[in-house]
Structure formats: structure tokens, C-alpha cells
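Subject: Structure for your files

Hello,

Here is the structure for you to look over. My notes on what was found follow below.

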Amino acid sequence: MKMQEVPERPKRNDSFESNTAEIFQLWTNGGESCPEGSVPIRRTTEKDVLRANSVRRFGKKIRRGVRRDTMSSDHEHAVAFVNGDQYYGAKASINVWAPRVTDQYEFSLSQLWVISGSFGNDLNTIEAGWQVSPELYGDNYPRFFTYWTTDAYQATGCYNLLCSGFVQINNKIAIGAAISPRSSYNNRQFDIGIMIWKDPKHGHWWLEFGSGLLVGYWPSFLFTHLQSHASMIQFGGEIVNSRSMGYHTSTQMGSGHFADEGFGKASYFRNLQVVDWDNSLIPMSNLHLLADHPNCYDIRAGKNNAWGNYFYYGGPGRNSRCP
């Protein structure tokens with residue numbers, strides 16, 4: 001496959017750059033790297049496939065009758081979103097934690113969504129962030145991940161590099177690898193920068209990690225609606241509540257603490273921006289907030305000179321107000 005030329009990065013209009021510590025992935029801490037011209041891929045083990053119940057379903061978002069999609073009732077969210085315009089990308093710094101996931105078939109993630117189409121069967125999404133998923137990875141580490149679908153999570157799309165679609169070009173980043181260090185309560189905070197944008201020249205959707213590492217791209221031909229632009233950008237957290245014990249899950253979102261606890265305690269997204277028609281990064285206007293189970297997980301937004309548009313979000317799941 002012919003390697004794509006380097007895309008034209010969006011023009012920056014901001015003064016916000018990450019001043020938090022450099023985030024590494026655990027596999028690189030041992031000094032490992034890949035030869036030039038190759039890419040790191042998380043090794044898929046026999047256990048990974050067995051956890052997925054079948055090879056055909058491995059890496060898909062559909063789980064044990066629990067559809068891993070944004071619309072189904074067992075998925076709970078605390079998100080900020082913009083719609084009503086044409087969007088060509090999004091960027092944010094995402095605080096990294098290791099939330100507790102209490103059921104093997106549940107997950108907790110924090111990500112950004114680039115969305116187009118209706119929320120019917122033609123939904124197109126591109127997603128990237130971090131997630132804890134015992135079923136997918138066999139552990140409780142937060143892992144850098146990507147996802148895409150072009151038919152509302154039904155038949156197309158998958159996580160990471162588990163099916164063809166996303167084209168990785170970087171030999172320093174392993175998609176699906178654990179992220180380290182992680183934030184801890186009342187202690188040091190760490191975040192990762194993620195940007196997804198549409199290259200104006202070739203039309204592919206590119207992914208950048210941290211301060212300028214190009215990870216790869218989703219070719220525009222994968223999509224229907226996203227061949228032109230996105231109609232909605234969403235940032236925030238999502239969990240699955242399987243009610244496997246007969247009551248609400250104790251799976252945590254973000255840090256496991258509610259938004260009003262603030263910095264060092266609640267998880268955050270900062271420096272939220274979108275990419276406009278002119279390939280420029282611009283601050284959010286008209287940001288909407290949605291917490292569909294606010295007694296379990298909530299969200300509060302703000303704006304300042306250091307962080308631009310930001311929000312705190314998350315929660316513990318099951319508690320006296322969330323039975």
C-alpha cells in the first residue's frame with residue numbers, strides 16, 4: 001500500500017499546550033521500539049480471542065448481547081458536544097485514570113467522537129481515547145485505543161488494528177498499549193493530547209497523539225457521511241452498565257469521582273477545540289452537556305485562559321442516589 005504523504009496539520013489559534021508530564025506507553029519503558037518502516041502492534045493472544053467468545057466477534061463492539069454502541073440503554077454517558085455546523089476535526093487533552101471496572105463484560109472509556117449521519121443505521125463515527133476493558137485486553141489498565149464504524153456499530157468497524165481500516169504509519173505508538181503514568185487522587189495528574197482531523201488535500205481522517213506524533217489515518221473511502229465532514233463532535237466518558245448483579249454497576253467513569261470535586265480528584269478534558277472548514281483549530285462555542293444518569297456520573301464545564309474550554313466529569317456508578 002502506498003504510504004500517504006504527511007497531511008496538512010490544522011492551523012493553531014491557541015496558546016494552550018500541555019504542561020503536564022510526558023506520557024509514555026508501558027511497552028516503550030523497556031527501551032523497545034520498532035524497525036523503520038514497521039509499526040508496533042499489540043500482540044493478540046489466544047486468551048484475547050477466547051474472551052471474545054468467537055473469532056468473528058473479536059474486536060467488534062458487540063458484546064454478549066450488550067451492543068457496544070452509543071445508543072443502547074446499557075451505555076451511560078457524561079459528555080460535552082457541539083452540533084449544527086460542519087466540522088473537520090477535533091482536539092482535546094484527556095486526563096488519564098485507571099477506573100475500576102467491576103464486570104468482565106463492561107468497560108469504562110474516555111474519548112472524543114467525530115460523528116456524521118443520523119443516529120439510525122447510517123451513523124458514521126471515528127473515536128479515539130483511552131479505555132479499560134477486561135474483556136478486550138484481559139486486564140484493568142487504561143489503554144490507548146481507536147474505533148470506527150460506518151453503519152451504527154452493526155457490521156463495520158472495530159477496535160484498534162483488529163480489522164482492516166485504520167492505517168498506522170508510526171513505529172513509536174502501539175494502539176491498544178497500556179498508558180503510563182496515570183493520574184491518582186489528590187496527586188499528580190497526567191493527560192494525553194488527541195487530535196483527529198480531515199486532511200484538506202486527500203480527505204483522509206488523521207490521528208495525532210501527544211505533542212505531534214502522527215499515528216495514522218482512516219481512509220475517506222471507509223465512510224459515507226464522513227467522506228465530506230462531521231456534523232457533531234463529542235467529548236467525554238462512557239461506561240456499560242450490565243446490571244449483572246441485579247442493580248447498577250459500580251464501574252467507575254473517569255476517576256470514579258463526581259465533577260464538583262474538581263482538579264486532582266475528578267477527571268477532566270481541557271483545551272477542547274474543533275477544526276473548521278479552513279483547517280483551523282478554533283475554540284468551542286455553544287457547548288452542550290449531557291449526563292444521562294447524573295446521579296451515577298455527571299459533568300460540569302468551564303472556560304479559562306489556561307485551559308480554554310474544559311469540563312470535569314465522571315462518578316462512582318452505584319451509590320445511595322444511583323441504586
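Glutamate 208 is buried, at 2% relative accessible area (buried is under 20%, exposed over 50%, partly exposed in between, with a 1.4 Å probe and protein chains only). Its salt-bridge partner is arginine 9, with the closest N and O atoms 2.7 Å apart; a salt bridge here is a side-chain nitrogen of Lys or Arg within 4 Å of a carboxyl oxygen of Asp or Glu. The two residues are 199 apart in the chain, glutamate 208 in strand S12 (residues 205-209) and arginine 9 in the segment before strand S1 (24-25). Strands (E, at least two residues) are DSSP runs numbered from the N terminus. Arginine 9 is partly exposed, at 32%.

This is a predicted model: local features need pLDDT of at least 70, side-chain atom pairs count only at pLDDT 80 or more, and totals for chains, interfaces and linings use all residues. Residues are numbered from 1 along each chain as its sequence is written, and side-chain values use heavy atoms, leaving out hydrogens and water.

The salt bridges number five. Another of them joins aspartate 191 and arginine 270 at 2.8 Å between the closest N and O atoms, and both residues are buried. Arginine 143 and aspartate 139 also form one, 2.5 Å from N to O.

Strand S6 (residues 108-116) has nine of nine residues buried, so it is largely enclosed by the rest of the structure. S6 pairs antiparallel with S7 (residues 124-132) over nine bridges, where pairing requires at least two DSSP bridges. Glutamine 111 stands opposite glycine 129 in S7. S6 also runs antiparallel to S14 (residues 230-240), joined by eight bridges.

Regards

How values were computed: Helix = DSSP H or I, 4+ residues; strand = E, 2+ residues; numbered from the N terminus.
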